[in-house]
Amino acid sequence: MEILSRTPKKSDLSIYGITEANVNWNLSAEELQRRTVESGMGQETENGTLAVNTGKFTGRSPKDRFLVKDDYTKDKVWWGRINKPIDPDNFDKLHSEVIKYLSGKEIYARDGYVCAHPSYRMNVRTVTEYPWSNFFVNSMFLRLNEDEMEDFEEEWLVLCAPGYVCPDPKAYGIRQGNFSILNFSKKIALVGGSAYTGEMKKGIFSALNLILPVEKNVLPMHCSANVGEDGDTAIFFGLSGTGKTTLSADPKRKLIGDDEHGWTAENVIFNFEGGCYAKVIDLTEEKEPDIYRAIKPGALLENIVFKEGTKQPDYKDSSITQNTRVSYPIEHIDNIMKPSYADNPTNIFFLTCDAFGVLPPISKLSPGQAAYHFISGYTAKVAGTEAGITEPVPSFSACFGEPFMPLHPTVYAEMLSKKMQDAGVNVWLVNTGWSGGPYGVGSRIKLKYTRAMITAAMNGDLDNIDFEQHPIFGLYMPKYIHDVPTEMLDPINTWLQKGAYISKSIQLAHSFHLNFDKFINQASDEIINGGPLIDAHHTLDHHM
């Protein structure tokens, strides 16, 4: 077993101020796993997969994410609730504290890169306090071959020190002891006080979400993507629980990636990452065969619980967190695109789990509607997902990834709108949620029907079908799809009480309008007109 990969020529961390540390360079996954287990930081499952507990933080801490406000960012970033500023002096003080903290310790350094397309590749060096944080980076960032390691020079540096907790947060301009900070001028991502691995992954994703559109004319997307036998690429946007990973895993299509992609001016879709980071709550081999089978040595399980007296994970157990996770190299999936990029984007699917049972199971969007729904990023939280939620609640996340978007959402939406028109892409809104009534009354749309609708769209079967416009949302609903019950396609037909459907539709449409108010000043007329129509009189006449 190879313990060490090549140490780069430029391997002296004192250039970053880290001194007298015992630095382990580019250790193999096997060696990092051995060290994690021997140090008591993790244990192995019955099939040899590494499992760790991330401690106090079992998810990202969005309120403790900051961007350094300086000459580079001050006029570019959409400052506010999502993108909170920290001044350069406070960053420098925290950076200095983290450097001091890591000095003299046994630490782990790894060189890799993000962006699979060679024209957009960005080298990233990561220095971590824990071996398993380094293990995660090995799975999630793209891996170098040995020759590339020797002469490696990073563009960005990630420093991850979970054990450093800021003793006086207010003095440093932060909220509490943990922090995740991006400095675009110094090209440093600084993580302290949290061992949740997703902070590193989403930190670099957030950096790309500013760099790529501003400097490279590339649209960054929080989406999954796959490519068919004919070379047609499909993109799937969706928030957690809408089916993004499930629906992009198609045995007849090659997976490009499951979470983060770029769309270039040349109409190439490329993966940012070298791995997948999937939720495992309630995971079964039957429901998610690809993910289930990917959990083997080389993967990292986070915050799972073992069945009593065994080394077998209990994926139903959420006693540590609902956000149980696994990360693994993309090669753990059989049917993947190598290298992970493809051209010819043909179909885009916006996935939403509408727990109100109002939206059609599939509808075609005009360019204005596509931009509107992209900016809205709608899904619904159902009862039981969070404390205090007893009936569906609308949830909006701009661009289906608001926490990671440094620019104003309309910047991404207008890029998407232009790209979809230039490339002649079809955009579809797919409701993977309820039909026949809201959550608790209606029933969840069957996965086999959703798959049949998506397949029909990708095969071009809907190109010559008649469409009917939804009277409240203005969406274009196909009148017929093979293997899908026709009455499902217009959701009012599935409700016993037609009046109840109309009032629930108007209620949801108002939620869309209220949410969109904060974007309206920077949205074009075409985008604004892509929203719900809300004409109650017309609605009633139409269906009675």
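**Figure 1. Arg325 in strand 20 of the predicted model.** Arg325 is placed in strand 20, where helices (H or I, at least four residues) and strands (E, at least two) are DSSP runs numbered from the N terminus. This is a predicted model, in which local features need pLDDT of at least 70 and side-chain atom pairs count only at pLDDT 80 or more, while totals for chains, interfaces and linings use all residues. Residues are numbered from 1 along each chain as its sequence is written, and side-chain values use heavy atoms, with hydrogens and water left out. With a relative accessible area of 16%, Arg325 is buried; buried means under 20%, exposed over 50% and partly exposed in between, computed with a 1.4 Å probe on protein chains only. Apart from residues up to four places away in sequence, Arg325 touches Tyr196, Tyr277, Ala278, Lys279, Val280, Leu300, Leu301 and Glu302, contact being heavy atoms within 4.5 Å. The side chain of Arg325 also reaches the backbone oxygen of Tyr277 at 3.3 Å.

**Figure 2. Tyr196 and the positions annotated as a binding site.** An unreviewed UniProt entry gives the feature "binding site" at Arg60, Tyr196, Lys202 and Arg325; its positions follow the numbering used here, feature names are shortened, and annotations may be inferred rather than shown by experiment. From this set, Arg60 and Lys202 belong to the lining of the largest cavity, a cavity being a set of points on a 1 Å grid over the protein atoms alone where a 1.4 Å probe fits but cannot get out, with lining residues having an atom within 4 Å of a point. Tyr196 sits in the loop between strand 10 and helix 5 (198-216), and its relative accessibility of 5% counts as buried. Not counting residues up to four places away in sequence, Tyr196 touches Thr54, Phe57, Thr58, Gly59, Arg60, Tyr277, Glu302, Asn323 and Arg325.

Figure 3. The structure holds 25 salt bridges, each defined by a side-chain nitrogen of Lys or Arg within 4 Å of a carboxyl oxygen of Asp or Glu. In one of them, the side chains of Asp151 and Lys9 meet at 2.7 Å, N to O. Asp151 belongs to the loop between helix 4 (146-150) and strand 8 (156-161) and Lys9 to the segment before strand 1 (22-25), so this pair ties together parts that are 142 residues apart in sequence. Asp151, at 51% relative accessibility, is exposed, and Lys9 is exposed with a relative accessible area of 58%.

**Figure 4. Asp92 and Lys186.** A salt bridge joins the side chains of Asp92 and Lys186 at 2.8 Å, N to O. The pair links distant parts of the chain, with Asp92 in helix 2 (residues 88-102) and Lys186 in the loop between strand 9 (179-183) and strand 10 (188-192), 94 residues apart. Asp92 is partly exposed at 30% relative accessibility, and Lys186 is partly exposed with a relative accessible area of 45%.

Figure 5. Glu331 and Arg143 form a salt bridge in which the closest N and O atoms are 2.8 Å apart. Because Glu331 lies in the loop between strand 20 (325-329) and strand 21 (341-343), and Arg143 in the loop between helix 3 (131-140) and helix 4, the pair ties together parts that are 188 residues apart in sequence. Glu331 is partly exposed at 46% relative accessibility, and Arg143 is partly exposed with a relative accessible area of 29%.

**Figure 6. Asn24 in strand 1.** Asn24, found in strand 1, is buried with a relative accessible area of 8%. Leaving aside neighbours within four places in sequence, Asn24 is in contact with Arg35, Glu106, Ile107, Tyr108 and Ala109. The side chains of Asn24 and Glu106 are joined by a polar contact of 3.0 Å, that is, a pair of N or O atoms within 3.5 Å of which, within protein, one must be able to donate a hydrogen and the other to accept it, and residues adjacent in sequence count only if both atoms are side-chain atoms.

**Figure 7. Asp64 in a loop.** Asp64 lies between strand 3 (50-52) and strand 4 (65-68), in the loop, and is buried with a relative accessible area of 1%. A polar contact of 2.5 Å joins its side chain to that of Ser61. Neighbours within four places in sequence aside, Asp64 is in contact with Arg175, Gln176, Asn178, Phe179 and Ser180.

How values were computed:
On a 1 Å grid over the protein atoms alone, a cavity is a set of points where a 1.4 Å probe fits but cannot get out, and a pocket is an open set with protein on both sides within 12 Å along at least five of seven lines; lining residues have an atom within 4 Å of a point.
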